[in-house]
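Please keep the structure in view while reading.

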Amino acid sequence: MTIVPVPVSGTLSSFAVNSGLRLYYEWWVPRAPRAMLVVVHGLAEHSGRYGALVRHCVARGFGVALYDQRGHGQSDGPRGHFDHVQDLLSDLAQFVQFTKESHPGVPVILVGHSFGGQLALNFVVRYAKGLRGLIVSSPNIALKMKLAWWKRLCGEQLYRIAPRLRVGNNIDPRWLSNDPDVVRAFEQDPRICRTLTLHAAREIMRNLDVVMALASRIHIPALFLHAGDDRICDPEATRRFFRRVPVTRKRLKIYEGMQHEIFNEVKRAAVFADVEEWLTELLQTSPAAEARPESADEAAVAAPRSYTLGRGERWTGHGNLG
């Protein structure tokens, strides 16, 4: 297939969220975009690591919107820290709305990688209105890497004394990709968060306790992608989650031999081709037809519920699932 260069507009700036923090973002938009892909990066990294995905998508008529989560990359906030998962979901909601308002009439697809995938799954349960579809890449539904029991015990004890104590993220860069250039770039990247606070780690683990229960509440078309040799996030958890999602247009692809970052893998072209194929099929189908559940019984389970947070109330993932 011959790709003809297309005119592209690029925006690199920052926007303010309700908390007052400014978050760095980038828009890469071809003329008359077929859709806008809003990308949520993983823990400890930043939006600048998605260049290969951006180049591929823009050349094929898809706009890409990326931002650095609070405490990451070029955004405000203490490095490797956030107070609550709800804060991250609120930031994402504001970025999605900002992107939609700036590109009216363009379908919006949410793309989340790793911890960004964990957030995306939380997000579409509560904020799916206006989203055309969901793509998750090696989502953090369950950890594959094991944390020693004594580390968890010590972490809980230390959290009570010093919740902002920083700990290493325990991720070996060699687990990210089979491409040595990707590994080397990660090791040398000054914008990578090498540590995170005990509080942030605890928030992630608390959310992991309930994320599997979100599957029956996913009610938009979804593409699940996972690295078969992932040593960080468990591909079997993604399989289990996928089976519980009650929509007709859903697809699962496991890439055997690939490491965690499938968008940065040696054979990433195969991943991008699958993403493009799915997006093309999705955009050719009416939104009403996409959301039809697999059966009447599952429709009752999958029906989304609205939930409004009261003043001073925060989302933990527990009380709002019932």
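## Strands, sheet and rings

In this predicted model, Phe-224 stands opposite Leu-252, a residue of strand E10. The two strands concerned are E9, which covers residues 222-227, and E10, which covers residues 250-255; they run parallel and are joined by 6 bridges. Between them in the unit comes helix H7, residues 235-244, and together E9, H7 and E10 make a β-α-β unit that is right-handed.

Another parallel pairing is found between strand E5, residues 108-113, and strand E6, residues 131-137, which are held to each other over 6 bridges. Here Val-111 is the residue that stands opposite Ile-135 in E6.

How are these strands arranged in the sheet, and in what order? They belong to an open sheet of 8 strands with mixed pairing, and the order across it is E1-E2-E4-E3-E5-E6-E9-E10. The edge strands are E1 (8-16) and E10, each of which pairs on one side only. On average, and with direction ignored, neighbouring strands of this sheet are turned by 15° against each other. Helix H2 packs on the sheet and touches E1, E2, E3 (35-40), E4 (62-67), E5 and E6, while its direction makes about 35° with that of E2.

By the rule used here, the count of aromatic pairs comes to 13.

| Pair | Centre to centre | Angle between planes | Kind |
|---|---|---|---|
| Tyr-25 and Phe-95 | 6.1 Å | 55° | tilted |
| Tyr-25 and Phe-98 | 5.3 Å | 85° | edge-to-face |

Why does the pair of Tyr-25 and Phe-95 tie together parts that are 70 residues apart in sequence? The reason is that Tyr-25 lies in strand E2, residues 22-30, whereas Phe-95 lies in helix H2, residues 85-102. Tyr-25 has a relative accessibility of 5%, so this residue counts as buried, because buried means under 20% relative accessible area. Phe-95 likewise counts as buried, with a relative accessibility of 0%.

The pair of Tyr-25 and Phe-98 is edge-to-face. Since Tyr-25 is in strand E2 and Phe-98 in helix H2, this pair ties together parts that are 73 residues apart in sequence. Phe-98 is partly exposed, with a relative accessible area of 24%. Ring pairs also link Phe-15, Tyr-25, Trp-27, Tyr-67, Phe-95 and Phe-98 into a cluster.

Rings take part in contacts with charged side chains as well. The charged end of Lys-250 sits over the ring of Phe-242, at 4.7 Å from its centre, and Arg-194 lies over the face of Phe-186, at 5.5 Å from the ring centre.

Finally, the chain can be described as a whole. The protein chain has 10 helices and 10 strands, and 52% of its 322 residues count as buried. Among contacts between residues at least 6 apart in sequence, 77% join residues that are at least 24 apart.

Technical notes: Residues are numbered from 1 along each chain as its sequence is written. This is a predicted model: local features need pLDDT of at least 70, side-chain atom pairs count only at pLDDT 80 or more; totals for chains, interfaces and linings use all residues. Side-chain values use heavy atoms; hydrogens and water are left out. Two strands pair if DSSP finds at least two bridges between them. Helices (H or I, at least four residues) and strands (E, at least two) are DSSP runs, numbered from the N terminus. A crossover is right-handed if, with the strands pointing away from the viewer, the path from the first strand over the helix to the second runs clockwise. Rings of Phe, Tyr and Trp (its six-membered ring) pair if their centres lie within 6.5 Å; planes under 30 degrees apart count as stacked, over 60 as edge-to-face and the rest as tilted. Buried means under 20% relative accessible area, exposed over 50%, partly exposed in between (1.4 Å probe, protein chains only). A charge sits over a ring if NZ of Lys or CZ of Arg is within 6 Å of the ring centre and within 35 degrees of the ring normal. Axes are lines fitted to C-alpha atoms, for helices over the stretch in contact, and angles run from 0 to 180 degrees between N-to-C directions. Contact means heavy atoms within 4.5 Å.
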